[in-house]
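Good morning, and thank you for making time for this. Please bring up the model, and I will go through a few of its parts in turn.

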Amino acid sequence: MVSVHPPGGTRRSRWVPELAIVSALMMLQAALVGHVHVVVRGPHAPLSLGLELAWRHVPTGFQNLLADTLWLRVLQHVGGQLGRDEPLNVTGVKQALDLAIDLDPAFHAPVEYGAWIIADGHDPAGALDFLAHARRQHPDDWLLPYHQAFIEFLYRKRYDDAARLFSLAASMPGAPPRVMNMVAGMYTKGKLKDKAIETWWGIHQANRGPLRAIAARNLRVLGVAVPD
Amino acid sequence: MRAVVAVAINTWREVVRDRVLLLLLVFAGVVVGSSGLMATLTFSEERKIVLDVALASMEGLGVLLALFVGGQLLVKEIDRRTLYVVLSKPVSRLSLVWGKFLGLVMVQSFLVAAMTGVLGGVMVFTGGVRFSVLGVSCMLVLQLVLLAALSVLGSAFTSPLVTSALTAILYVVGHNLETLRMLARKMVPVARLSVEALCRVLPDLSVFEVKNAWVNGVPLAVDGMVVAGGYAMAYAAMCVCLAGWLLERREW
Amino acid sequence: MSALDVIISLQDVTKVFNNQVGQAPRTVLEQISLEVHRGETFGLLGPNGAGKTTLQKILLGLVRPTSGTAMVLGTRAGESDARARLGYLPENPYFYTHLTGREFVEFCGSLFGQGGPELRNRVDRLLARVGMTHARDLQLRKYSKGMLQRVGVAQALVNDPELVFLDEPMSGLDPVGRRELREIILELKSEGKTIFFNSHILSDVEALCERVGILSRGKLVSYGSVRDLTRQGSLEDAFVAAVQAEASA
């Protein structure tokens with residue numbers, strides 16, 4: 001009994017679409033976990049983006065996935081260096097994170113942690129720029145100027161800029177009252193005693209409980225008599 | 001109608017027996033694998049990433065099915081001359097095209113439903129099921145229906161390779177009509193009018209894109225979905241009828 | 001012979017294909033006129049490329065004539081009414097290889113609006129008639145040429161047609177297969193069915209047909225009863241003479 005092959009379609013042609021599908025899926029998986037990147041460029045190479053930069057201009061409904069891919073690549077790149085106990089090289093990380101939040105503005109993890117990764121890699125200016133980018137997308141999110149203020153404080157020691165940013169964060173909806181404590185603390189660190197006293201006194205007057213007690217203690221440290 | 005149903009069932013059998021449902025296994029592997037992998041690859045928003053991977057895979061597999069299978073549906077009939085057997089019976093060419101299209105839609109719908117089931121299972125173990133994922137799946141099916149119709153239309157007048165390429169281009173362009181319109185505003189009037197007219201004719205696939213916002217917690221807009229559903233049905237019907245008209249004019 | 005007995009009528013049918021860009025139009029059939037009567041077995045002979053299959057396709061509505069009229073079962077060729085009452089076995093049939101024999105014939109039956117247990121029983125009887133009961137649950141991709149021909153005959157009869165078109169039904173069959181198919185055709189004749197039979201195997205035509213038409217390069221070069229054509233010699237002699245006369249014209 002012989003199988004009859006029809007004209008215009010042999011058994012082989014049935015496999016072509018299947019192979020194409022499987023190949024496409026494998027490429028997607030490889031891109032997702034960055035295997036192609038690591039295999040081609042090696043684990044010590046800086047993070048660099050090629051074709052990914054075009055993703056910003058070609059919305060296809062896969063923006064979230066592409067943003068996730070970039071975030072995972074950043075984590076694997078940075079985590080790999082930490083795991084090998086190497087000095088942190090964050091070349092390309094800011095570019096990847098900028099692209100990730102452009103693709104998926106609602107993606108919190110890159111915003112929440114990305115700036116700190118960049119700052120830890122001795123690029124506080126880059127971290128501040130990244131947070132400024134996020135702030136343009138989320139102008140009402142008090143956490144963003146809050147993080148910027150901490151970076152100014154911890155990495156650049158610019159206490160007046162930190163105070164300004166803490167003050168901005170404190171004025172935004174949802175910011176807890178303790179943010180004003182940081183404003184006052186920055187004035188103190190920056191040797192702006194009068195402003196520090198004024199801010200602590202405002203906190204003391206506006207609050208009850210622990211915050212009032214903290215304000216009172218700081219005022220006494222600054223030489224201001226505060227009734228119990 | 002009976003001929004349409006008979007051809008649709010035959011098309012379903014043809015596609016399913018061509019091992020297309022193996023794609024379901026591939027999907028299940030991707031989703032389950034990624035959900036396990038995320039715990040080692042990231043330290044926050046694991047569930048978001050798993051949902052993104054799952055929904056993107058569903059769309060990717062559905063689009064590939066529309067491109068590769070849809071583009072061959074009519075051509076296979078012609079090349080293998082099974083068309084002669086069907087059209088020698090009291091079946092119109094339009095009925096044949098509708099049957100082929102609906103058969104493909106049945107396969108796509110089944111695949112999306114099954115993949116949604118797999119995703120639901122994974123969601124149970126990663127923070128709980130969000131039943132609104134059914135809305136996302138419906139929108140995906142509508143998009144795939146439209147792509148299937150475009151594929152069937154292409155297969156009525158050109159080769160499978162060209163059909164797949166054209167459908168792939170329309171898929172990308174269809175998601176970027178807003179960008180096209182934006183570019184058109186910078187053109188000279190004649191070019192602007194032409195591009196704007198083109199944007200009205202080409203399928204606007206961005207109306208079906210809800211998964212990214214849904215993953216980020218934005219609720220689905222039911223009225224928007226209803227309008228999108230009507231748009232998909234109307235556009236698909238137009239494509240299929242056009243395919244039937246083209247097939248009427250062909251001879252073998 | 002009354003008009004009701006004329007099952008197929010072709011009047012000056014011409015077919016010109018224009019579908020090749022940059023190439024001259026191709027005349028495949030030229031001024032063909034013939035009639036087939038109810039209950040007879042009509043054979044259409046001709047060398048390869050004579051236009052036999054094209055003529056059958058016109059009668060089935062797969063191809064439209066460029067000029068002339070083609071009537072089948074009292075309506076224009078290709079009309080739904082006509083197609084509902086005829087059966088067709090294509091040349092070298094390639095059916096849906098993913099279906100089993102039974103599924104395929106059931107599918108064909110469903111295209112006529114049949115269904116349910118009645119269709120299933122009918123299909124089983126047809127497959128038994130063509131000797132395919134043992135393989136009815138096997139996928140067509142595993143069938144031999146002879147088996148495909150038999151299933152093809154079954155699907156051509158699923159609607160109990162008045163008119164059956166057979167396009168080179170014996171092609172590729174071994175002698176046993178040809179004998180069995182010939183017997184099926186004789187059975188159909190005895191049931192009063194009209195058979196339109198394309199072939200280039202003269203012995204089969206001579207054995208089965210009452211009247212024949214001979215096509216050569218798109219022209220009907222000879223047409224009449226087998227008895228008349230074989231008065232001066234064999235059908236082969238008549239065929240060769242007619243084809244050679246056309247070639248030298």
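This is a predicted model: local features need pLDDT of at least 70, side-chain atom pairs count only at pLDDT 80 or more; totals for chains, interfaces and linings use all residues.

Domain bounds here come from an automatic or database domain assignment. For chain A that assignment gives domain 1 (63-139) and domain 2 (152-228), and the centres of these two domains of chain A, taken over C-alpha atoms, are separated by 30 Å.

Residues are numbered from 1 along each chain as its sequence is written, and chains are lettered from A and ligands numbered from 1 in the order in which they are written.

Chain C has an open sheet of six strands with mixed pairing, in the order β6-β7-β8-β3-β9-β10. Because β6 (86-89) and β10 (219-225) of chain C stand at the edges with a single partner strand each, one side of each is left without a neighbour in the sheet. Within this chain, β7 (residues 163-167) and β8 (residues 194-199) of chain C pair in the parallel sense over five bridges, and Asp167(C) stands opposite Asn198(C) in β8(C).

Lastly, the contact between chains: 21 residues of chain C are in contact with 21 residues of chain B, contact meaning that the C-beta atoms, placed from the backbone, lie within 7 Å.

Key:
Two residues are in contact if their C-beta atoms, placed from the backbone, lie within 7 Å. Two strands pair if DSSP finds at least two bridges between them. Helices (H or I, at least four residues) and strands (E, at least two) are DSSP runs, numbered from the N terminus.
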